[in-house]
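Trainee: I would like to go through this structure with you before I set up any calculations. Could we begin with the overall fold and then turn to the side chains?

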Amino acid sequence: MTDTSDRRFATTLARGLSILRAFRPTDSGLGNQDISERTGIPRPTVSRLTFTLCALGYLTHGRKHDKYRLGPAALALGNIAAASFSFVESAGPEMQKLANDTGTLIGIAIHDSGRMLLTKTWRPVDSASIWLEVGYRLPMLTSSTGRAYLSAVTDAEFDQLAAILTEEGETAAHTLAPLRQEAIADVQGSGFAHVPRDRHYSSNINSVAVPYRPHEFGSPVVFFSGATYDEVATDDFRATIGPALARAVAGLRDRAL
C-alpha cells in the first residue's frame, strides 16, 4: 500500500491521475460531477484538475458545457506504454487464434488498487458481442483473474495487496493467506485458476486465468479466457480451454528466456 503520509507523495498529482483512471471505454464523456462521484474527489477540486488536464491535452471537451473525454496526450502516453511491453505484441497472434478456436474472450488483466483491470482483449472473429471491455475492473477475490494474480505474487506484493484489501473492507487480513495458498495449489495443480460458479462474482460468467510475469513489468499480469455459461460449459473450460491457455502462456514464457 502506498504511504500517502510520506513527504515525497504528491497528492495533487495522485488526484490528477485518478481522474484519468476514472474514464471507461463505454463512457460517452464525463462531467465534473460524474468524475467527483467516481473518484471521491470534491467537485471544486475536480474542476481545477480537469481545467489543468485540458490545458495539457490529457482531457478534451468540445464546448463550454460539453463533457470531458480523454485527450490526445493521454492517447499518446497509452500508445507509448503499450509499445514498451513487447510481450503483448508477441502474444497477439496466438491469443487471437485461441479466441477464434474457443469462441471465448481472451485478455490480459493487471492489478490496479485491489482489483484486476482489463488492459487488452482479443475477441473471436465475427463475434456480435462479448461481455467485457478494456477498462473493466474485476474483483480480486471472486474472479479467476484475481485468483491467478494471487497465486503469483511475491511475499512483498502479497503484503501490499493484503493492506489494500483490508483497508477497503474486501477481506480480513487473516483470511487472505489461506486464499492465497488455495490459489497457488489450484494453479500448480491444473496450470490455471478457476473460480466455481457459486463463488464467482457473476453467476453468468465462466472463466479461467493464467499468471505471467513479464520481464518489463514489476509485477505479474494475468491472461484469461471467458464466456457466459450459456456459451461455454465449465467442463470445456477445465478440460480443453484452460490447458490450452496455460500452454500458450508457457510458450510465451519460454520465448522470453
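Mentor: We shall take the overall fold, then the aromatic residues, the salt bridges and the backbone. Please keep in mind throughout that this is a predicted model.

Trainee: Understood. How many helices and strands are there in the protein chain?

Mentor: The protein chain has nine helices and seven strands. Its radius of gyration is 19 Å, close to the 18 Å that the globule rule gives for 257 residues, so the chain is as compact as a globular protein of that length.

Trainee: And what does the C-alpha trace span along its principal axes?

Mentor: The span is about 55 × 45 × 40 Å.

Trainee: What share of the 257 residues is buried?

Mentor: Buried residues account for 42% of them. The accessible surface of the protein chain is about 13,500 Å², and carbon and sulfur atoms contribute 53% of that surface.

Trainee: Among contacts between residues at least 6 apart in sequence, what percentage join residues at least 24 apart?

Mentor: The figure is 56% for the protein chain.

Trainee: Let us move to the aromatic residues. How many aromatic pairs does the structure hold?

Mentor: There are three aromatic pairs. In one of them, the ring centres of Phe87 and Tyr212 are 5.7 Å apart and the planes meet at 50°, so this pair is tilted.

Trainee: Where do Phe87 and Tyr212 lie?

Mentor: Phe87 belongs to helix α5 (residues 86-102) and Tyr212 to strand β6 (residues 205-212), so the pair ties together parts that are 125 residues apart in sequence. Both Phe87 and Tyr212 are buried.

Trainee: What sort of pair do Phe87 and Phe223 form?

Mentor: Phe87 and Phe223 form an edge-to-face pair, with 6.4 Å from centre to centre and 75° between the planes. This pair also links distant parts of the chain, because Phe223 is in strand β7 (residues 221-228), 136 residues from Phe87 in helix α5. Phe223 is buried, as is Phe87.

Trainee: Now the salt bridges. How many does a search of the whole structure find?

Mentor: The search finds 11 salt bridges. Side chains of opposite charge can pair when their charged atoms come close. One of these bridges joins Arg38 and Asp27, with an N to O distance of 2.8 Å. Arg38 is in helix α2 (residues 32-39), while Asp27 is in the loop between α1 (11-21) and α2, 11 residues apart.

Trainee: Are Arg38 and Asp27 buried or partly exposed?

Mentor: Arg38, at 32% relative accessibility, counts as partly exposed. Asp27 is likewise partly exposed, at 22%.

Trainee: What about Arg137 and Asp112?

Mentor: Their side chains meet in a salt bridge of 2.7 Å, N to O. Arg137 lies in strand β5 (residues 137-139) and Asp112 in strand β3 (residues 105-112), so the pair ties together parts that are 25 residues apart in sequence. Arg137 is partly exposed at 25% relative accessibility, whereas Asp112, at 13%, counts as buried.

Trainee: Which residues are linked in a network of salt bridges?

Mentor: The network links Arg147, Glu182, Asp186 and Arg199. Within it, the closest N and O atoms of Glu182 and Arg147 are 3.0 Å apart. Glu182 is in helix α8 (residues 173-190) and Arg147 in helix α6 (residues 144-152), so their bridge ties together parts that are 35 residues apart in sequence. Glu182 is partly exposed, at 32% relative accessibility, but Arg147 is buried, with a relative accessible area of 10%.

Trainee: Finally, the backbone. Which residue has a positive phi although it is not a glycine?

Mentor: That residue is Ser113, with a phi of about 55°. Most residues other than glycine have a negative phi. Ser113 is in the loop between β3 and β4 (115-122), and it is partly exposed, with a relative accessible area of 39%.

Notes
Residues numbered from 1 in each chain as written. Predicted model: local features only at pLDDT ≥ 70, side-chain atom pairs only at ≥ 80, totals over all residues. Heavy atoms only, no water. Phe/Tyr/Trp six-rings, centres within 6.5 Å; stacked < 30°, edge-to-face > 60°. Helix = DSSP H or I, 4+ residues; strand = E, 2+ residues; numbered from the N terminus. Buried < 20%, exposed > 50% of the residue type's maximum accessible area, 1.4 Å probe, protein only. Rg over C-alpha atoms; globule rule 2.2 N^0.38 Å. Contact = heavy atoms within 4.5 Å. Areas by Shrake-Rupley, 256 points an atom, 1.4 Å probe, with all protein chains shown as cover. Salt bridge = Lys/Arg side-chain N within 4 Å of Asp/Glu carboxyl O.
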